[in-house]
Amino acid sequence: MSEELAKVGLYIDDLYLLRVIEPEIANETNDLRHDCTSYSDKLQDFQTLIQSFIRVAEDFGAEVEREKIRTIGIQNLVKNLSKQRESEHQKIQSQIVEKSLELERLKIELQHLQRIESEQQEIIDNFYQSQ
């Protein structure tokens with residue numbers, strides 16, 4: 001009887017239900033539907049995972065950018081401090097040269113004044129002796 005139904009395009013499945021398509025094709029179609037649903041679920045899980053990864057990567061990128069800007073600021077600060085120290089060093093070196101020159105001038109002046117004092121003392125001594 002099932003052969004006669006098959007000739008007209010009707011089939012009886014394992015549950016004794018009347019079908020328009022062959023039971024094997026119906027089973028394969030159901031398997032394919034199940035596989036497609038499973039694939040769709042896995043694809044959706046993958047998409048969720050990718051979105052999560054993108055968020056983490058964007059957050060990490062933003063953190064890297066913040067650190068990069070902070071590092072550039074620190075480098076600029078260090079350069080400015082270095083320039084200030086160099087300027088301070090040059091200023092101090094200039095002051096040392098000025099003070100050294102002043103010291104030399106004062107030493108020469110001291111020698112000159114000591115010579116004048118000595119001459120004046122000699123004149124005073126001579127004056128007292130002559131009286």
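Buried means under 20% relative accessible area, exposed means over 50%, and partly exposed lies in between (1.4 Å probe, protein chains only). The model is predicted: local features need pLDDT of at least 70 and side-chain atom pairs count only at pLDDT 80 or more, while totals for chains, interfaces and linings use all residues. Residues are numbered from 1 along each chain as its sequence is written, and side-chain values use heavy atoms, with hydrogens and water left out.

**Exercise 1. Confidence**

Find where confidence in the protein chain is lowest and where it is highest.

Solution.
- Step 1: pLDDT is the predictor's confidence in each residue, from 0 to 100. The protein chain averages 92, and 98% of the residues score at least 70.
- Step 2: Helices (H or I, at least four residues) and strands (E, at least two) are DSSP runs, numbered from the N terminus.
- Step 3: The lowest mean, 72, belongs to strand β2 (residues 18–19), and the highest, 96, to α2.

**Exercise 2. Salt bridges**

Identify the salt-bridge partner of E109 and state whether E109 is buried, partly exposed or exposed.

Solution.
- Step 1: A salt bridge needs a side-chain nitrogen of Lys or Arg within 4 Å of a carboxyl oxygen of Asp or Glu. The count by this rule is 3.
- Step 2: E109 pairs with R105, at 3.1 Å from N to O.
- Step 3: The two residues are 4 apart in helix α2, so about one helical turn separates E109 from R105.
- Step 4: E109 has a relative accessible area of 36% and is therefore partly exposed; R105, at 45%, is partly exposed too.

**Exercise 3. Another pair in helix α2**

Describe the salt bridge between E63 and R66.

Solution.
- Step 1: The closest N and O atoms of E63 and R66 are 2.5 Å apart.
- Step 2: Both residues lie in helix α2, 3 residues apart, about one turn of the helix.
- Step 3: E63 counts as partly exposed because its relative accessibility is 36%. R66 is also partly exposed, at 48%.

**Exercise 4. Aromatic rings**

Classify the pair formed by F127 and Y128.

Solution.
- Step 1: Rings of Phe, Tyr and Trp (its six-membered ring) pair if their centres lie within 6.5 Å; planes under 30 degrees apart are stacked, over 60 edge-to-face, and the rest tilted.
- Step 2: This rule gives 1 aromatic pair. The ring centres of F127 and Y128 are 6.1 Å apart and the planes stand at 55°, so the pair is tilted.
- Step 3: F127 is partly exposed at 47% relative accessibility, whereas Y128 is exposed at 59%.
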